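Here's a quick tour of a structure, going from one chain's overall build to its surface and then to a single residue. Have a look at it first, then read on.

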Amino acid sequence: LKDDPGTLLALVAVFVPLSLASIGGGPAVLSEMQHQAVLVHGWMTEREFGDLFAISRAAPGPGALLATLVGWKAAGWPGALVASVAFFAPPCLLVYGALHLSRRAHGSPWRRGIEAGLAPIGIGLMCAGSYAVLKPDDTGPLGWTLAAAVAAGRLWRPGLSPLAWLGLGAGLGALAGG
Amino acid sequence: MAVARIVPGVNAVNLAVLIGYRVRGAAGAIAAVLGLLVGPGIGVVLLAMAYEAGAGTPALHAALKGAAAASAGLILAVAFQSGRQLLGRTRGQGAAGFAVIAAVTFLQAGPLGFPTLGVVLGFAPLGILIAFVMARGRRDRGRG
C-alpha cells in the first residue's frame, strides 16, 4: 500500500475537511479522524489508533501531530508529510486571511457572536473525541473512571503539568494491564 | 487572540501564525508554524517507530492505554472549562440553547458517528444566531 499515490490522495481528502471542522482545536476532530483511519480506510486498528493518540499527547509539541502519525501509518514518511500539510495548512491560511480582515473588524459584534456561537459546538466535539478514545472494547470501566478522575484532578489543580497526569495514567495502565 | 479562536484549527498553530505575522508578516507566520511543527513532527514519528518496534509487548500497550485515558480526561477538563466560561457569559434561553447544541453535537459526532464537518456546518448558523439574539437582547435592555 505504501508509495501508492491513491493513499496520499486519500490522506488529502480526509485531512483537509477535518482541518476545517476543527472548531475549538485539534481534539474536536478526534472521533472523525479515528472513524476515517480505522473504519473507512483501514490504515490501522482501533487499538493502534489509541496507542498513537497517547504517543502524540505525550510527545513534545501539539497533540494534533496525531495527524502526522496517521499519515505515517498509512503511507510512511511521504504520508506523514502529506497529512501534516493537509491538516495544518488550510486553517493557517484562514487565520492569515482573517488577520487581514480583522484590522477593520476589531471588537465588532460579528467576531464576538461567531466566537460564542461556535463555542458549544467545540465543547460537544471535544466530548465526542474523548468518547472515541475511551470507547474501544478493551478499555472497560477502568478507562472511563481514570478519565473522569484526571478531568476532576486537572480542574482541581490547573497548575500541575499535563504530563504528570499522563504519567500517572501510564503507570496505572501498566499496573492494571501488565 | 480572538481570531485564533474563531477560525478552525489547532490553537497553538493558529497562535503561531498570529505571532509570526505580527513580528514579520507572511514570512514570520510561515517560520513560526514550521518552527512549531517540523521538529516535534519528526520527533513524534521517531517515537511511533520505536513503539512499533516494541508493539508486541502487552505492558507497553497497557501503559499507552492508561495515558490515552488520562489524555481523554484532560480534553474533558478543557471542555468543562469552556462550558463554564460560556455559561458564565450567557443567561436563560440562550444558555439552554447552547447546552442543547453542545449535547446534540456530542451525540452526533460521538456515539452516532455522523461526519464531523456536516455536524459543524449544521450547527454553526444556529449557534451564531443564538449568540446574536442574546447580544441584541442585552443591548435593548441596556437602552430601556
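Of the contacts in chain A with a separation of 6 or more, what percentage comes from residues 24 or more positions apart? It's 57%. Keep in mind that this is a predicted model.

| Property of chain A | Value |
|---|---|
| Box filled by the C-alpha atoms, along the principal axes | roughly 60 × 50 × 25 Å |
| Share of the 178 residues that count as buried | 52% |
| Accessible surface | about 7,700 Å² |
| Share of that surface belonging to carbon and sulfur atoms | 69% |
| Distance between the mean positions of the 11 positive and 9 negative charges | 17 Å |

One patch is nonpolar and covers about 650 Å². Chain A supplies Trp77(A), while chain B brings in Ile30(B), Leu34(B), Val38(B), Ile42(B), Leu46(B) and Met49(B). The main giver here is helix α2 of chain B, spanning residues 11-53, with six residues in the patch. Take Ile42(B) as an example: it sits in that helix, α2 of chain B.

Helix α5(B) provides the largest share of the positive patch, three residues. Arg89(B), on the other hand, belongs to helix α3 of chain B, which covers residues 58-89.

Helix α5 of chain B also holds the last stop. Thr116(B) lies in this helix, which runs over residues 116-143. Is Thr116(B) buried or exposed? Thr116(B) counts as buried because its relative accessibility is 0%, and the cut-off for buried is under 20%. And which residues does Thr116(B) touch, leaving aside those up to four places away in sequence? From chain A, the list holds Ala21(A), Ala28(A), Val29(A), Ser31(A), Glu32(A) and Leu125(A). From chain B, Ala109(B) is on the list.

How values were computed:
Residues numbered from 1 in each chain as written. Chains lettered and ligands numbered in written order. Predicted model: local features only at pLDDT ≥ 70, side-chain atom pairs only at ≥ 80, totals over all residues. Heavy atoms only, no water. Helix = DSSP H or I, 4+ residues; strand = E, 2+ residues; numbered from the N terminus. Buried < 20%, exposed > 50% of the residue type's maximum accessible area, 1.4 Å probe, protein only. Contact = heavy atoms within 4.5 Å. Areas by Shrake-Rupley, 256 points an atom, 1.4 Å probe, with all protein chains shown as cover. Lys, Arg positive; Asp, Glu negative; His and termini not counted. Charge placed at Lys NZ, Arg CZ, Asp CG, Glu CD. Patch = residues over 30% accessible without salt bridge, like charges linked within 9 Å, V, L, I, M, F, W, Y side chains within 5 Å. Salt bridge = Lys/Arg side-chain N within 4 Å of Asp/Glu carboxyl O.
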